[in-house]
Amino acid sequence: GMFRTKAIDGAIVREFDFGGKETYESYHLFLSGQFLNYWRASLSLAYYGETYDDQRTRGGPLMKSLSGRSMALNLSSDSRKSLYGSLNASAGRGESGGWLYTTGLYFNWKASSSLNASVNVDFSRVHNASQFIAAVADAYAATTYGTRYVFGVLDQKQLSTALRLNWTFTPKLSFQLFLQPLLSTGSFPGIMELAQPGTFMFNRYGEGKSQISFADGQYTIYPNGSAGQAPGFRIGNPDFNFKSLRANAVFRWEYLPGSTMYFVWTNEKMDYESRGDFTFERDVSRLMRMTPDNVYSIKITYWINP
């Protein structure tokens, strides 16, 4: 028929801590196949059960993790060809209100037996309904054992590219290049605290008696109002705009059998701003203006034949 091979697989994963609390539960279905023209396709479906998260509060009490579901699709062309590629996409949504989707495109070019180049572009959008921000000690937070666990609603966008080049001039001479630009931004439109251990309930600052204000790059928060017993506290603006460009180049020379010399160049640019908006042209332009860190190194090995 249509397929050279086809497969269906399933998996059930359940994890527990030593107290018997279920910390992870998932059910998976995988469908995959190779067509007559050597193209491949796969589809995966997953359901995640309601469990307890022992890491969300970074060492604090357990939190409830609500159920969710996800799916992923991959399509790849004939890898025997000199030029082939793949396309993948995934999406997920949870009962918490969080969701995500990712897309990726990959190409590989085998120009000759000695030259190979590849490039992949990935974009993701994540809406996390409960991203951890900070833990603030407060004796009046009796419900959460003397600490306020501050969370935020995170809206994140990320775009990345990776370029790889492998060039073998001779069996003794080769060159490798890796280049990776990255743009990642995240904004926190809502700040809140865990209301009670073992739940997915939050007290949102700015509602009820609580107060929150922003000035000079910091949030000032009064959990039960400025006239309440609990003292106010400050946290830095969690919004971020991170940009980086990393490059590595390696020249390898086997000057004697078993003895090799490496010439390595590493270039890195990074920029961080406390802002959560994503503007491609502005962010790329700012990154290009940054002064890079350049590192040059030489490694020499000598094989002593006994």
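What share of the 306 residues in the protein is buried? Here are my notes, point by point.

1. Burial comes first. Buried residues make up 34% of the 306 residues in the protein. Keep in mind as you read on that this is a predicted model.

2. Now the build. The protein has 18 strands and 1 helix, so when you turn the model on screen, look for strands, since that count covers runs of at least two residues. Among the contacts with a separation of 6 or more, 54% are between residues 24 or more positions apart.

3. Next, the overall dimensions. Along the principal axes, the C-alpha atoms fill a box of roughly 75 × 55 × 50 Å. The radius of gyration is 25 Å, whereas a compact globule of 306 residues would have one near 19 Å.

4. The accessible surface of the protein is about 18,100 Å², and carbon and sulfur atoms account for 57% of that. As for charge, there are 30 positive and 25 negative charges, and their mean positions are 7 Å apart.

5. Aromatic rings deserve a look of their own. The count comes to 13 aromatic pairs. Take F132 and F151: their ring centres are 5.7 Å apart with the planes at 85°, so this pair is edge-to-face, the label for angles over 60 degrees. The pair links distant parts of the chain, with F132 in strand β9 (residues 115-137) and F151 in strand β10 (residues 147-170), 19 residues apart.

6. The cut-off for buried is under 20%.

7. Another pair to find is F200 with F202, which is edge-to-face, with 5.0 Å centre to centre and 90° between the planes. F200 counts as buried because its relative accessibility is 19%.

8. Finally, a bit of backbone. Most residues other than glycine have a negative phi. R58 is not a glycine, yet its phi is positive, about 55°. You'll find R58 in the loop between β4 (51-53) and β5 (63-65).

9. D216 also has a positive phi, near 55°, and is a residue other than glycine. D216 is in the loop between β13 (211-215) and β14 (218-222). With 80% relative accessibility, D216 counts as exposed.

Note on methods:
Residues numbered from 1 in each chain as written. Predicted model: local features only at pLDDT ≥ 70, side-chain atom pairs only at ≥ 80, totals over all residues. Heavy atoms only, no water. Helix = DSSP H or I, 4+ residues; strand = E, 2+ residues; numbered from the N terminus. Rg over C-alpha atoms; globule rule 2.2 N^0.38 Å. Buried < 20%, exposed > 50% of the residue type's maximum accessible area, 1.4 Å probe, protein only. Contact = heavy atoms within 4.5 Å. Areas by Shrake-Rupley, 256 points an atom, 1.4 Å probe, with all protein chains shown as cover. Lys, Arg positive; Asp, Glu negative; His and termini not counted. Charge placed at Lys NZ, Arg CZ, Asp CG, Glu CD. Phe/Tyr/Trp six-rings, centres within 6.5 Å; stacked < 30°, edge-to-face > 60°.
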